[in-house]
Amino acid sequence: MKIEEITVHPISYRVPDGTDFRMGVGRMVKRDAVLVKVVTDEGLVGWGEAHHGRSPGAIAKLIETTLRPMILGMDPCDTVGVWHRLYRGHLATHGFGAGTAIAMSGIDLALWDIRGKAVGWPVFRLIGGAQRRIKAYAGGLTLGYQETGALVEEAQGYIAAGYRALKLRLGDTPARDAARVEAVRKALGDEIDILTDVNAAYGLDEVRQLMPALDACRVGWLEEPFPPYDDYAYGKAAALGRTPIAAGENHYTRYEFQRLIEQDAVTVLQPDLSKCGGLTEILRIAAMASARKLKINPHSSMTALNMVASLHLLAAIDNPGYFEADATAINPFRTDMVSGSLEIDEDGMIAPPDAPGLGMEVDESFVAAHPLIEGPCYV
């Protein structure tokens with residue numbers, strides 16, 4: 001079997017009018033993603049998702065013009081061989097760095113979809129797992145910079161739906177962030193896990209002011225207080241309190257995660273399967289983390305393809321953390337783009353589908369109806 005063709009589909013949709021979701025990275029005005037379709041000479045089709053990287057058109061063009069010709073004719077089941085050819089041919093030297101890792105991720109996920117379909121197995125079984133239930137937290141475009149009463153009401157709605165964990169968006173001001181965390185903890189009680197995410201909006205002074213409130217509220221982690229390359233700040237922040245520091249969604253390949261693990265400041269690892277190099281690479285990252293007894297809590301991307309791939313991973317590794325469930329009220333990339341659903345059960349748990357490959361089929365008419373919208377996704 002050979003890779004016969006690769007097509008790339010950058011897609012977008014506008015956030016509905018009246019939606020004003022704000023977080024540390026800005027206000028989202030549209031949602032973008034890059035879908036990769038791989039077709040084999042035997043007729044098998046695989047789909048993967050590359051993160052938009054804030055430049056979906058550029059990621060798509062990189063795959064189409066540079067990476068695609070490098071692997072046409074290769075065995076789609078040789079995921080390690082394909083990964084290595086792309087790595088040596090572009091990422092290792094003179095390539096686009098993070099952009100190449102993101103592009104490779106979409107290709108790699110599509111190949112794993114094909115591998116599963118070729119043998120009739122779900123991906124979790126291919127990589128040594130079982131259809132295990134994974135604890136989910138309510139994430140996505142949720143629980144932003146609302147007034148505390150509205151925030152508590154939204155949080156209570158997720159608990160009523162079955163979630164036993166949720167993530168608050170911080171990065172506003174330390175005082176307002178602390179008030180929001182304290183209000184949610186008081187309303188939900190001690191049995192619910194509260195996680196927090198700053199989206200790289202803070203410096204050390206803000207974290208120093210905020211940390212006592214996080215410690216007092218027994219917050220599960222403080223995610224990405226700084227940009228990923230600010231190693232000095234991460235090292236200092238780890239000593240400011242008891243709340244664990246989380247990062248990884250903006251780290252790429254095992255090499256950056258090796259540095260992150262060795263620095264010993266970030267203890268909650270969050271690689272994204274659509275950014276860090278795909279499933280082939282995240283399995284290596286998970287093994288490295290396992291040697292330090294660190295859990296993997298994958299960051300979810302834009303569409304159901306990434307989300308379901310994260311579930312397959314978590315059901316197969318020995319150090320699974322949370323599944324980041326997209327609790328966004330309106331996200332057609334999750335609900336309308338693919339067959340199947342990603343609903344948690346009454347205990348706030350979810351398992352991967354047991355159909356071959358990733359277990360979800362893409363509606364190509366939906367893809368055609370959502371072409372790329374130019375411009376920034378955050379303002």
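Which residues lie nearest the centre of the largest pocket? I started my notebook there and found Val25, Glu249, Asn250, Lys275 and Tyr378, out of 33 lining residues.

**Ground rules.** I am working with a predicted model, where local features need pLDDT of at least 70, side-chain atom pairs count only at pLDDT 80 or more, and totals for chains, interfaces and linings use all residues. Numbering runs from 1 along each chain as its sequence is written, and side-chain values use heavy atoms, with hydrogens and water left out.

**Entry 1, the pocket.** I noted the pocket definition: on a 1 Å grid over the protein atoms alone, a pocket is an open set of points where a 1.4 Å probe fits, with protein on both sides within 12 Å along at least five of seven lines, and lining residues have an atom within 4 Å of a point. The largest pocket holds about 620 Å³ of space; volume here is the space filled by probe spheres set on the points, which are joined across faces, edges and corners. Helix H3 (98-119), strand E7 (165-169) and strand E12 each give two or more residues to its lining, and H3 gives the most, with three. Helices (H or I, at least four residues) and strands (E, at least two) are DSSP runs, numbered from the N terminus. By type, I read the lining as 12 nonpolar, 10 polar and 11 charged residues.

Next I looked up Glu324, which sits in E12 (residues 323-326). Is Glu324 buried or exposed? Its relative accessible area is 4%, so I logged Glu324 as buried (buried is under 20%, exposed over 50%, partly exposed in between, with a 1.4 Å probe and protein chains only). Its side chain makes a polar contact with that of Tyr137 at 3.4 Å. A polar contact is a pair of N or O atoms within 3.5 Å; within protein, one must be able to donate a hydrogen and the other to accept it, and residues adjacent in sequence count only if both atoms are side-chain atoms. Beyond four places in sequence, the contacts of Glu324 (heavy atoms within 4.5 Å) include Lys167, Arg169 and His299.

E7 and E8 pair in the parallel sense over five bridges (pairing needs at least two DSSP bridges). Strand E8 (residues 193-197) is largely enclosed by the rest of the structure, because four of its five residues are buried.

I found Ser301 in the loop between helix H10 (278-290) and helix H11 (304-314), and at 4% relative accessibility Ser301 is buried. The side chain of Ser301 makes a polar contact with the side chain of Asp272 at 2.5 Å.

Most residues other than glycine have a negative phi. I therefore flagged Arg54, with phi near 60°, and Ala200, with a positive phi of about 60°, alongside that general rule. Arg54 is in the loop between strand E5 (45-50) and helix H1 (56-71), and at 48% relative accessibility Arg54 is partly exposed. Ala200 is in the loop between E8 and helix H7 (204-216), partly exposed at 28%.

Notes
Nonpolar A, V, L, I, M, F, W, Y, C, P; charged D, E, K, R; others polar.
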